[in-house]
Amino acid sequence: MRTQIAIIGAGPAGLFLSLLLDRLGIQSVILELHTRQYIEGRVRAGLLEHNTVQLMHELGVGDRLKRQGLEHGGIELRFNNRGHRIDFRELASGKCVTIYAQHEVIKDLVAARLAANKPMLFETANLQLHAIDSTSPYVTFQHNAPGQKSTERLDCDFIAGCDGFHGVSRTSIPQGVLTTYERDYPFGWLGILAQAPPSSHELIYAHHDRGFALLSMRSPQVSRLYLQCAPDENLALWPDDRIWHELQKRLATHDGWKLTEGPIIQKGVTGMRSFVVEPMQYGRLCLAGDSAHIVPPTGAKGLNLAVADVRVLAVALGAYYSTGTTDLLAQYSATCLRRVWKVQRFSWWMTQLLHRFPDDNPFDHRRQLAELDYVTTSRAASQTLAENYVGLPLP
Ligand code: APR
Ligand code: PHB
């Protein structure tokens with residue numbers, strides 16, 4: 001097989017890239033480790049920045065998003081048992097964010113790719129990248145199509161490493177090339193989906209002595225809630241009653257606000273880390289999305305940052321195939337990293353503002369509350385939060 005761009009991974013980065021390239025008339029093949037059913041069913045985050053929503057519409061994959069997405073013009077920061085609204089529309093030039101689950105995005109993108117009859121292979125195994133520092137890179141893999149288990153080879157001009165944090169692309173780069181920057185947080189999030197109407201129209205980020213809590217949603221019938229927990233929290237110790245009890249405490253207000261409970265239909269624990277590798281490219285391999293960087297979920301940026309990377313990559317590849325210039329490709333990593341670091345800063349800032357850290361002393365606690373007070377009363381500070389939350393402008 002031969003193509004122009006081999007895309008490793010059918011997550012948001014790989015799928016958005018394939019549609020962007022298609023629009024430019026550039027061929028690609030997507031190679032994905034898991035089944036279609038698996039990637040379309042995996043519960044993850046669900047908040048789309050203004051730019052991500054616009055792009056889905058531009059790519060013609062926004063119909064369900066338009067019907068089912070929930071537009072939010074603000075969020076609430078809750079601390080000292082009181083709520084304070086940050087009004088995005090007013091503070092961020094009329095922009096807003098949209099709640100729409102990541103796996104619904106995946107379904108829309110996969111459907112578009114298949115409808116266009118473009119190649120996408122699921123359940124590829126033993127995938128390896130070769131000759132990435134030459135002008136003729138290639139990928140080998142096994143594909144479990146019925147009756148077939150031989151090793152296949154895909155020759156290409158470039159490889160897009162969109163295979164997430166645990167993928168093979170980043171680790172195919174020779175030792176010594178990449179510098180890693182990271183921070184682990186001493187907590188995780190216990191997340192649930194509950195068959196319960198959301199108790200608020202907008203998201204609530206709650207700072208509490210017992211730890212952070214977040215109220216989000218997936219639809220007018222389904223709530224998505226999170227609790228700060230230990231990074232290796234044992235879910236067996238969290239029967240449904242205990243989860244609701246803890247959420248009730250952390251989200252309680254002085255004015256009698258009520259958290260609606262309902263049957264819990266999904267539970268999971270997510271670790272929290274900040275991670276970046278530099279540069280995001282080597283030879284003919286470009287990393288995009290979680291394969292190059294991870295953000296803690298507090299700012300809801302993971303998916304949106306992956307989309308921002310592949311927009312830069314698609315423009316650079318478009319310039320290469322239309323004029324032969326490699327200038328934008330050479331700048332790919334530097335262009336992406338300017339945004340990546342700003343988004344890292346914002347995600348870290350939201351995280352340190354809202355969570356309890358085991359080493360914090362009463363001074364740190366007072367400082368956090370003062371910062372929350374400042375953010376919710378100073379127009380300059382709330383505008384900083386708003387413009388980052390709805391998404392910084394594209395380069
Ligand atoms: N070969 C082929 N595919 C692979 C391999 C491999 N060796 N390893 C991983 N993959 C696939 C995964 O199965 C997954 O479908 O690559 C895809 C990577 O997708 P994501 O992990 O979603 O990463 P990305 O597209 O960068 O999106 C980042 O999605 O996962 C969230 O929190 C993340 O919101 C962030 C965003
Ligand atoms: C979610 O709805 O899953 C969600 C929303 C906001 C976040 C993180 C996760 O900051």
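The shell around ligand 1, made of residues with a heavy atom within 4 Å of the ligand, divides into 12 nonpolar, 8 polar and 5 charged residues. In this grouping Ala, Val, Leu, Ile, Met, Phe, Trp, Tyr, Cys and Pro are nonpolar, Asp, Glu, Lys and Arg are charged, and the others, Gly among them, are polar. The model is predicted: local features need pLDDT of at least 70 and side-chain atom pairs pLDDT 80 or more, whereas totals for chains, interfaces and linings use all residues. Residues are numbered from 1 along each chain as its sequence is written, chains are lettered from A and ligands numbered from 1 in the order written, and side-chain values use heavy atoms, without hydrogens and water.

Of the 25 residues around ligand 1, those that come nearest are Glu32, Arg44, Gln102, Asp290 and Leu303.

Elsewhere, the axes of helix H10 (residues 332-354) and helix H11 (residues 362-377) come within 9 Å and cross at roughly 120 degrees. Axes are lines fitted to C-alpha atoms over the stretch in contact, with angles from 0 to 180 degrees between N-to-C directions; helices are DSSP runs (H or I) of at least four residues, numbered from the N terminus. In their contact (heavy atoms within 4.5 Å), H10 contributes Trp349, Gln352, Leu353 and Leu354, and H11 contributes Arg367, Gln368, Glu371, Leu372 and Val375.

Definitions and conventions: Helix = DSSP H or I, 4+ residues; strand = E, 2+ residues; numbered from the N terminus.
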